[in-house]
Amino acid sequence: MEDKRDTYLQKGKRRILVEYLRDSVGITDEAVLHAINTVPRHLFIESIFEDYAYEDRAFPIASGQTISHPSTVAEQTELLQIAPGDKILEIGTGCGYQTAVLMTLKAKVYTIERQKELYDFSKKMFKKLRLFPLFQSFGDGFEGLPSFAPFDKIIVTCGAEVLPKPLLRQLNIGGKLVIPIAQGSEHILYRFTKIEEDRFEREEFGLYKFVPMLKDTN
């Protein structure tokens, strides 16, 4: 994952970010921290924001969307409890940063994006960084990818108004879904673990702000 724009300065800023995530945010999964330290976040955002890419901030990207805070990416990823080889469905490829983190963790990633501009951008970025999801789709993620199910893990990177039941059905037994669901103007981050075919454990992990999860495609 080499790029001439990934300078020693940017790599140094990533190391500082990782220490912040470990010491101030409380991320303990060293594999997740290594992935954050590896993926050049500044390449996924507009060049005018590059100097601030490793601050814990969200930035605007194409189609009125945002790239999530690094802390949110790290927290959602840690909640998935990824093992190498896990089959993961990502709803909302966005610019591809979260996807790149998942692939750096050696997950088998299937990813969906409903905004054509972002789908095209992320596809180009993956090729540039030599990171290749097993399947990348332009389409509506609300229904998941039933033809590729079941999945070990599912991550939703946008805020849902309600829990999309098709995603729960596409989990393996023991599988986990990490998803933000609307609570007023904010979102509660949930983790659902599939105990049996019709039984799930639900955990809450605090309030966040996400762009909305929308149906259909542009």
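Here are some notes on one helix pair and on the salt bridges in this predicted model.

1. Ground rules. Local features need pLDDT of at least 70 and side-chain atom pairs count only at pLDDT 80 or more, while totals for chains, interfaces and linings use all residues. Residues are numbered from 1 along each chain as its sequence is written, and side-chain values use heavy atoms, with hydrogens and water left out.

2. The α2/α4 pair. Helix α2 (residues 30–38) packs against helix α4 (residues 97–104) at an angle of about 125 degrees, and their axes are 9 Å apart. That makes α2 oblique to α4; the classes are roughly parallel under 35 degrees, roughly antiparallel over 145, roughly perpendicular from 65 to 115, and oblique for the rest. Axes here are lines fitted to C-alpha atoms, for helices over the stretch in contact, with angles from 0 to 180 degrees between N-to-C directions. Helices are DSSP runs of H or I with at least four residues, strands are E runs of at least two, and both are numbered from the N terminus.

3. Who touches whom? On the α2 side, Ala 35, Ile 36 and Thr 38 make the contact, and on the α4 side Tyr 97, Val 101 and Thr 104 do (contact means heavy atoms within 4.5 Å). By class, that gives four nonpolar, two polar and no charged residues. For the sorting, Ala, Val, Leu, Ile, Met, Phe, Trp, Tyr, Cys and Pro are nonpolar, Asp, Glu, Lys and Arg are charged, and the others, Gly among them, are polar.

4. Salt bridges overall. The count comes to ten, with a salt bridge taken as a side-chain nitrogen of Lys or Arg within 4 Å of a carboxyl oxygen of Asp or Glu.

5. One to check: Glu 50 with Arg 5. The closest N and O atoms of this salt bridge are 2.1 Å apart. The pair joins distant parts of the chain, 45 residues apart: Glu 50 sits in the loop between α2 and β1 (59–60), Arg 5 in the segment before α1 (8–25). Glu 50 is buried at 15% relative accessible area, whereas Arg 5 is partly exposed at 33%; buried means under 20%, exposed over 50%, and partly exposed in between (1.4 Å probe, protein chains only).

6. A network. Salt bridges link Glu 19, Arg 22 and Glu 30. Within it, Arg 22 and Glu 30 have their closest N and O atoms 2.9 Å apart. Arg 22 is partly exposed at 28%, and Glu 30 is partly exposed at 44%.
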